[in-house]
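Please report on this model. Cover its salt bridges, its nonpolar cores and one of its helices.

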Amino acid sequence: MFNKIINWFRELFHSKKNISLGFYGSPNAGKTSLANRISMDLTGSPLGQVSVIPHETRIVQKKEQVSIKLKNCTLNMNLLDMPGLAVKVDYRDFLNYGLSIGDAQERAKEATKGIVEALKWLDKVDSALVILDSTKEPLNQVNITLLGNLEARGIPIILVANKMDLENANSNEIKKTFPDYPIVEVSALTGHNMHNLYQTIVAEAKTR
């Protein structure tokens, strides 16, 4: 499996020494889980911490200079796990997870800063994986705004329909809502269909 990954990424990065791959989406869509899955595939170690509490990732988590060593060259990339995007952050939402009022307010403040930071990083991203929770309605303001911002910057986009291991997963809604983008169904938790995701990344890079 690892040798196949090396070949896929060798094709992807043939023209650049460093590629910045951004992971974007709503809170708890599975951005960090997917970033961890790819990081584990390539380096054997995870990238960030995962939690059921929304906005666990409140700063950009980076794994830089992820290297794939080949016979004639070394290919490097930067994985950028972005804070979850939201239209608004209400501290009261965190109280349901057992946080105190003070901790909830602080988390909401940090999450809001994280959203601003994630949007600023759009100018530093070479390609974007937009992770969608396949158990939820995909048509919302966050996804529409995010895709619009990526399109405006000419950043290649791949939609990732995550959590396909769950019984109520429905990627058809994502396909109907966003028919103009490549969509890959995966389970970051189990590793299902990661092979197809890597191939899609390579295919999209070749068309740009």
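## Salt bridges

The count comes to 4 salt bridges (a side-chain nitrogen of Lys or Arg within 4 Å of a carboxyl oxygen of Asp or Glu). This is a predicted model: local features need pLDDT of at least 70, side-chain atom pairs count only at pLDDT 80 or more, and totals for chains, interfaces and linings use all residues. Residues are numbered from 1 along each chain as its sequence is written, and side-chain values use heavy atoms, with hydrogens and water left out.

R153 sits in the loop between helix 4 and strand 5, and D123 in the loop between helix 3 and strand 4, so the pair ties together parts 30 residues apart in sequence. Helices (H or I, at least four residues) and strands (E, at least two) are DSSP runs, numbered from the N terminus. Burial follows relative accessible area: buried is under 20%, exposed over 50%, partly exposed in between (1.4 Å probe, protein chains only). R153 is partly exposed at 36%. D123 is exposed at 60%.

K163 and D133 form another bridge, at 3.1 Å from N to O. This pair links distant parts of the chain: K163 is in the loop between strand 5 and helix 5 (171-177), D133 in strand 4, 30 residues apart. K163 is partly exposed, at 22%. D133 is buried, at 9%.

R92 bridges to D90, with the closest N and O atoms 2.8 Å apart. R92 is exposed at 51%, whereas D90 is buried at 18%.

## Nonpolar cores

A nonpolar core is a set of buried Ala, Val, Leu, Ile, Met, Phe, Trp, Tyr and Cys residues joined through side-chain atoms within 4.5 Å. The largest has 24 residues; Y24, M82, V130, L150 and L159 touch the most other members. Two or more residues come from each of helix 3 (101-120), strand 4 (127-133), helix 4 (141-152) and strand 5 (157-162). Helix 4 gives the most, with 4 residues.

V130 is in contact (heavy atoms within 4.5 Å) with Y24, L146, L147, L150, I157, I158, L159 and V160, leaving aside neighbours within four places in sequence. A second, separate core holds 22 residues, including L21, L47, A188 and L197.

## Helix 2

Helix 2 covers residues 31-43.

The buried residues of helix 2 are K31, T32, L34, A35, N36, I38, S39 and L42. Just after the helix, G44 takes a positive phi of about 85 degrees.

Conventions
Expected span 1.5 Å × (residues − 1).
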